[in-house]
Amino acid sequence: MVIKCGTESEKEISYRCVQCGFSVATLYIQYSPGNIRLMKCGNCKAVADEYIECELMILVIDLILHKIKAYRHLFYNRFSRETLHNEVLLWKLSLGFLILDAYQMLAVCTTQDERSLPASFALFLGLCGKVLMGVFFGNLMFLGIILFGTRKFLNAKIGDSRCKHILLSILVSSYFKIFVIAMMVWEFPSSVVSIIKMFVLSSNALALLVITDAVMIRCIWICFAAHAMKFLVTQGLGAYQKLVLW
C-alpha cells in the first residue's frame, strides 16, 4: 500500500500520527519506487503511521478490534480531501447503509408471517411502506442527533465539509452492518441483530472520538442517544401503522 505525499497540494493535507493524534506534515519520504522511509511524529517520537507498510487485512482486523490508531489512519491518512468531496462515494455508502438498515428492520420489527409472501398486493405495499418509513425517519433522527450532539456537547463547528467528514465516518464505522447479509442466507436468532447494533454503536462512538478529539464518554452518550431515538422512532411508526391498519 502506498500513500503518496510528494506534491504540494498533498503536503497541505493534515495527516495525523496514529499513536497520539498529533498533526504531521508527511507520513514518509520516497527515495525510489519501493524504497521509502517512514516519518516519526514530532510529539511522541514514534512512527507516525505504520499502517502504510501493512496489508489491508491487518487494518481490517484492527478496525474490528476497535484500535483507535486504525481509525486515525482510516479517517485522516487514508481518506483525502478528494474522498471527502466525492459525492458519488457518499451516495453509494449511504445507499448501502440504508439497504442494510432496511433488511435489519425487516428482520427485527416484523413477524415471520409478515416476512412471508404477502397474501395480497395491498399487504405487500403496507410492509414496504412500514420499512421505508422506519428507515427514512429513523435515520433522519439518528443523523440529526449526531450532528446536534457534536455541535452542542463536543463544541465542534459544523460546516459543509465537517458534516461530510462526520457523515463519512459514521457510514464507514457502521461496517458491522455488513454481517446482516449473512442473515439473508442462514437462520440467526434476533439476539444477533442486537449484538451487531452494539458493535455498530461502539464503532460509531470511536469514529466520532477520532473526528472530534473529544472525550470518549460524551461520544458514547451521543451515539447511544442517536441509536436509542432511532429505535424509538422505528418502533413507534410500526405501532402506529398496526393501529391504523387495525
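Me: What percentage of the 246 residues in the chain is buried?
Reply: The model is predicted. Its chain has 246 residues. Secondary structure comes to eleven helices and four strands. Buried residues make up 39%.

Me: Is Asn204 buried or exposed?
Reply: Asn204 is found in helix α10, residues 191-212. The cut-off for buried is under 20% relative accessible area. Asn204 has 0%, so the residue counts as buried.

Me: Which residue has a side chain joined to that of Asn204 by a polar contact?
Reply: Leaving aside neighbours within four places in sequence, Asn204 is in contact with Phe142, Ile170, Ser173, Ser174, Cys223 and His227. One of these contacts is backed by a polar contact of 2.7 Å between side chains. The partner is Ser173.

Me: How is the aromatic pair of Phe136 and Phe137 classed?
Reply: A search of the whole structure finds seven aromatic pairs. In the pair of Phe136 and Phe137, the ring centres are 5.1 Å apart and the planes stand at 80 degrees. Plane angles over 60 degrees count as edge-to-face. The pair is therefore edge-to-face.

Me: Is Phe148 exposed or buried?
Reply: Phe148 pairs edge-to-face with Phe153, at 6.4 Å centre to centre and 85 degrees between the planes. Phe153 is partly exposed at 45% relative accessible area. For exposed, the cut-off is over 50%. Phe148 has 51% relative accessibility, so this residue counts as exposed.

Me: Which residue has its charged end over the ring of Phe142?
Reply: Phe142 is among the contacts of Asn204. A charged end sits over the Phe142 ring, 5.3 Å from its centre. That end belongs to Lys230.

How values were computed:
Residues numbered from 1 in each chain as written. Predicted model: local features only at pLDDT ≥ 70, side-chain atom pairs only at ≥ 80, totals over all residues. Heavy atoms only, no water. Helix = DSSP H or I, 4+ residues; strand = E, 2+ residues; numbered from the N terminus. Buried < 20%, exposed > 50% of the residue type's maximum accessible area, 1.4 Å probe, protein only. Contact = heavy atoms within 4.5 Å. Polar contact = N/O pair within 3.5 Å; in protein donor to acceptor, adjacent residues only side chain to side chain. Phe/Tyr/Trp six-rings, centres within 6.5 Å; stacked < 30°, edge-to-face > 60°. Lys NZ or Arg CZ within 6 Å of the ring centre and 35° of its normal.
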